[in-house]
Protein chains: 2
Amino acid sequence: MRVHELTVVECRNVLYRARHGRLACARDEQPYIVPFFFYLDPAEDFLYSFSIMGQKVEWMRLNPKVCVEVDEVLDRDNWTAVVAFGRYQELDDSPAHADARLRANELLQFHAAWWLPGGLKPESAQEHRTPLLYRIEIVQLTGRRATPGD
Amino acid sequence: MRVHELTVVECRNVLYRARHGRLACARDEQPYIVPFFFYLDPAEDFLYSFSIMGQKVEWMRLNPKVCVEVDEVLDRDNWTAVVAFGRYQELDDSPAHADARLRANELLQFHAAWWLPGGLKPESAQEHRTPLLYRIEIVQLTGRRATPGD
């Protein structure tokens, strides 16, 4: 097996295809990971997503530093992992976010992916189900790929 | 689709079966996720794993608060996600860790899983390849499962 670093373009391709990964936020140095759906804007350094209110959003409002991870593991000799450090930006109804909200709605509705674990809560906590839109600005992107061979 | 909370026993079963998930650590409120292999000790609240030196280990030495996530996504109506908050414990050669190192070696060698992304670096950085053993003490465990239906 050989392991090599991916270029930024290769990392972006992995994120673009994946659409499903994990998002980590942190509070008081305690990290917290959730699975989430996203869509990479192919023209910019933003991942768009949505969520209903909950611990993840509360933490990201207090500390916008996040991490996104996507992996594709076929077997022990064939895997890819991409990690992005990013910043959370909530796309509220303010005029300042009008363009970004429009872009988020275009991307997410077009790809019809309103089914994600990150957007769902157990039945006992469904009182706040209006999703909020957000995006992650990518500030650092790295990846590795393993392929068979010496 | 229905979403319900998993019991602690159900969460442990998911971790026990999975053996592959994601580990997040944090430094200066910046979370960092990596894919990793682990083995849950069925008798205790510890996940055992190994790694070579790198950013993940450096960060966990400075801040032992970590998060482990495992998800099983079959399709939009069939998925499970388990999240554990935990504490990093490095199992060095000191007498205090002798029993834990023995247990780690038993579990990890028995399951022959020395192939993990978390234990590998690109070829350009293979100078420190002796793996170190560590375990994550589980301090909080939650999970959700979605199943088809109203």
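Helices and strands here are DSSP runs, numbered from the N terminus. With that in hand, welcome to the tour; bear in mind that this is a predicted model.

**Stop 1: chain A on its own.** Select chain A and colour it by secondary structure. Trace the chain from the N terminus and the elements come in the order β-α-β-β-β-β-α-β-β-α-β. Now switch to colouring by burial: of the 150 residues in chain A, 51% are buried. Among the contacts of chain A between residues at least 6 apart in sequence, 72% link residues at least 24 apart.

**Stop 2: the nonpolar core.** Next, select Leu15 and Leu23 in both chains. The largest nonpolar core has 62 residues, and Leu15(A), Leu23(A), Leu15(B) and Leu23(B) are the ones that touch the most other members. Zoom in on Leu15(A) and show what surrounds it. Leaving aside residues up to four places away in sequence, Leu15(A) touches Phe38(A), Leu40(A), Leu47(A), Val70(A), Val82(A), Ile138(A) and Leu141(A). As background, nonpolar side chains in soluble globular proteins tend to be buried together.

**Stop 3: where the chains meet.** Bring chain B back into view and select the contact residues: 41 from chain A and 42 from chain B. About 3,700 Å² is buried between the two chains, with carbon and sulfur atoms giving 62% of that area. On the chain A side, the elements that give two or more residues to the contact are β1 (2-5), β2 (20-27), β3 (30-37), α2 (55-62), β6 (65-75) and β7 (78-90). Sorted by class, that side of chain A has 23 nonpolar, four polar and 14 charged residues.

**Stop 4: a salt bridge.** Between chain A and chain B there are four salt bridges. For one of them, select Arg22(B) and Asp71(A), whose side chains meet at 3.0 Å, N to O.

**Stop 5: Gln30(B).** Finish in strand β3 (residues 30-37) of chain B, where Gln30(B) is found. Is Gln30(B) buried or exposed? Gln30(B) counts as buried because its relative accessibility is 8%, and the cut-off for buried is under 20%. Follow its side chain across to chain A: it reaches the backbone oxygen of Val66(A) at 2.9 Å. Show the neighbours too. Not counting residues up to four places away in sequence, Gln30(B) touches Lys65(A), Val66(A), Cys67(A), Phe85(A) and Arg87(A), along with Cys25(B) and Trp59(B).

Definitions and conventions:
Residues are numbered from 1 along each chain as its sequence is written. Chains are lettered from A and ligands numbered from 1 in the order in which they are written. This is a predicted model: local features need pLDDT of at least 70, side-chain atom pairs count only at pLDDT 80 or more; totals for chains, interfaces and linings use all residues. Side-chain values use heavy atoms; hydrogens and water are left out. Contact means heavy atoms within 4.5 Å. Buried area is the accessible area (1.4 Å probe) that two parts lose on being put together, summed over both. Helices (H or I, at least four residues) and strands (E, at least two) are DSSP runs, numbered from the N terminus. Ala, Val, Leu, Ile, Met, Phe, Trp, Tyr, Cys and Pro count as nonpolar, Asp, Glu, Lys and Arg as charged, and the others, Gly among them, as polar. A nonpolar core is a set of buried Ala, Val, Leu, Ile, Met, Phe, Trp, Tyr and Cys residues joined through side-chain atoms within 4.5 Å. Buried means under 20% relative accessible area, exposed over 50%, partly exposed in between (1.4 Å probe, protein chains only). A polar contact is a pair of N or O atoms within 3.5 Å; within protein, one must be able to donate a hydrogen and the other to accept it, and residues adjacent in sequence count only if both atoms are side-chain atoms.
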